[in-house]
Amino acid sequence: MAALARWCYRHRLVVLLLWVGALLGLGATASAAGTDYANVFSLPDTDSKSAYDLMEKAFPARAGDTDTVVWKVDGGSVRDAAVRSRIQPALEEISRMKGVGEVAGPYTGPRGAAQISRDGRIAYAQITFTERADAVPKDLVQRVVDTARGAGRAGLEVDLGGQAIQRVQQPPQGLAETVGLIAAAVVLFLAFGSLFAMLLPIAVAVFGVGSGLFGVQLLSHTTDIPDLAPLLSSLIGLGVGIDYALFIVTRHRRGILRGADPEESAVTALNTSGRAVLFAGGTVCIALAGMLVTNLRFLDGVVIGTSLTVVLSVLAATTLLPALLGFLGPRVLSRRQRRRLAAEGPERERASGAAARWSAQVQRRPRTVAALAVVVMAVLALPVLSLRLGAVDQGNDDPSTTTRKAYDLLAEGFGPGFNGPLQVVTADGDTAALVKGIQSTADVARAVALPPQNGVTVVQVVPKTSPQSKQTDDLIDTLRDEVIPDAGVRAHVGGVTAVSKDFATVTGDRLPYFVATIIGLGFLLLLVAFRSLVVPLTAAVMNLVAAAASFGVLVAVFQWGWGLDLLGLGKEGPINAFLPVIMLSLLFGLSMDYQVFLVSRMHEEWVHTGDNARAVRVGLAETSRVINSAALIMVCVFMAFVLSGDNGAAMAGVGLAAAVALDAFILRTALVPAAMHLLGAANWWLPAGLEKRLPHLAVEPQEDPAPTEPPSPGEGPASVVHGFVRTADGDPVEGASVTLLSKGGRRLDQVTSLADGSYIVSVPGPGAYLLTTTAATYGSRAAQVAVTEGPLPYDVELAEGEVDAVN
């Protein structure tokens, strides 16, 4: 890692040109190739899939998307000449547009009368385009919308619904990403106080996500990738890309502030935080790959797209970032920091301020902190007990949108179930008993058998309740379990509503296997990395707690409707059936990121000192600020996807924002360190037999062998380190614990300072050692000391609330 970082730093222009060339090349190729996204819902061994297969046999699928124009009069009837004279010409004009295959209105055709409500005040027409919704040109859809709505007047309301119509009412593509980047830039500027330092993570994220999205677009021509994949790829890519660069830049800036040469500081940052980034990116990809165990083909393309974007974001952070650091040099610091560095010299290696004070507070009251954190997470997780999976539709759109208005008009004129009809499909000859049984079933508003084709009969069933209602789910079960068997025929219940129900059922059944897979893989990775059983076990439990609490927030917002109006997210409904799998993958990956960054610093301290309390305190003090900054950036990026216009993306954005906030601000900076303080040295326990069998995969770099490693006692002249422990005001500190350690972390001697603050520790011989000093009412200090022949005088100054780092 160090060699790669040094090469990229020294050959920065070559690296930058390679990345620019790759981004432009991929962009040009992707633009020329276009997109070929495909939403493939494959639900083998389900009743709705059997119904779909029979429907394909009887009615070969038409390529075009069918949307709806709905109109309502305040008085009179839609049959009135004044209404017809405005609507019919508009429908005829739409039918003549290039790209429109057919317009079936209520004023013409054999079934036209059925498209008018019983009270005569609402009617609809169906527009069939020649292409699928995602391929219909937006300018054509906009002309259809303008023409249809132009027919409206006072007392005549005209609205449109359908997938193609929904596309033109969404905000401009890229709006969510742009808002997320701006919000992230503000947080980065506040964190760094430097324009150049702020731009570094943004640039890395843009290159990583941009390359990933172009790659996903090209891959859509070779495999089935859903149109949701690029949106989720940009969502997760922006989050991890900015975060990974933030961790590395923070470590690099700290190195320069402590007097390191910019090149050496960059190499050290990549060799420490960069290794953690590689490991964290791998855990995200593994968590995403866990979706494959669900065997839902729809998610395969999501795994490919998001994993590719994460890999390219990691690659940008570990190659492009050191090159950019080479261009900036010391300008990665703010002007104020550069002036102070020149005037006062390097900073001492310590963590102070709010982070250090909080870390000390957690150490003093771990039980209280842990109890409060558990109570908060438990309260937030309570709503998850009423979680109901399903599918959102245009009835969940914002009330001001034309698609939502059209949905409500159809429900008003033809019943709530009209927006989600069921199809009972049978290949048996005698369907009279089946139709009669369906018509007499409770919660069925209407059932009509269509003329048989190719030996297949389809019974159109309109429920009395909306597609998202639990009563509609119960009706599907009643038809399958009672009505169809009683009729003595072989039939299957299909339609969009039935497919959504089956998808939710399949997802719920496979979710435990999926969760077990990603938790198991994460456990094994952390076990190998940190040589501990308790650390990965703690991480697994915390991930489950974070998942429960974040889904509790989702249920409260989207299923119960708390705050939906404030967010402008339309009407409450069930949670998208595919969301738990996608969200858990991203959540487990991101949670593992924070766990890796937090515990790797603790582990580094543990290896040096063997003091668990100090390791947890220093690790939290040094990483909590950057973890919280990273989490705040992710929250901004995820919440920006509320502006995407896509209900599924908005739901994922809110859920992930809540998950990251709870994970970073409560779990990683409160509950995890409190639990580790309570567990003590058991955090790092690993059975000896397992230690021998596990491969070595260290997150932090191996400690370089020091040529000045002290010899064993008797191999060189013994000596001492002596001095005084004082406060910043010069007052002696009595009872301070002074410990001498080898560079490998072995304790050599430990004493307590006297009333005048004096101490003296024995040294076995010349060499490099680590001297740590801790006092109950003060902070702690750690420093490397080089002992030559003869005693070494060394005074220690302690400051209240200070936590000194071991590097």
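**Figure 1. Helices lining the second largest cavity of the predicted model**. At least two lining residues come from each of α10 (262-289), α18 (496-530) and α21 (579-609), helices being DSSP runs of H or I with at least four residues, numbered from the N terminus. With four residues, α18 supplies the largest share of this lining. Residues are numbered from 1 along each chain as its sequence is written. In this predicted model, local features need pLDDT of at least 70 and side-chain atom pairs pLDDT 80 or more, while totals for chains, interfaces and linings use all residues, and side-chain values use heavy atoms, without hydrogens and water.

**Figure 2. Residues around the second largest cavity**. The lining includes Thr283, Ile286, Leu521, Phe588 and Met592; lining residues have an atom within 4 Å of a cavity point, on a 1 Å grid over the protein atoms alone where a 1.4 Å probe fits but cannot get out. Seven of the lining residues are nonpolar, three are polar and none is charged, where Ala, Val, Leu, Ile, Met, Phe, Trp, Tyr, Cys and Pro count as nonpolar, Asp, Glu, Lys and Arg as charged, and the others, Gly among them, as polar. The space in this cavity is about 60 Å³, a volume being that filled by probe spheres set on grid points joined across faces, edges and corners.

**Figure 3. Packing of α22 against α23**. Helix α22 (residues 612-640) and helix α23 (residues 647-679) meet at an angle of about 175°, and their axes lie 9 Å apart; axes are lines fitted to C-alpha atoms over the stretch in contact, with angles from 0 to 180 degrees between N-to-C directions. The two helices are therefore roughly antiparallel, the term for angles over 145 degrees. Their contact has 19 nonpolar, six polar and two charged residues.

Notes
Parallel < 35°, antiparallel > 145°, perpendicular 65-115°, else oblique. 1 Å grid on protein atoms, 1.4 Å probe; cavity = no way out; pocket = protein on both sides within 12 Å on 5 of 7 lines; lining within 4 Å.
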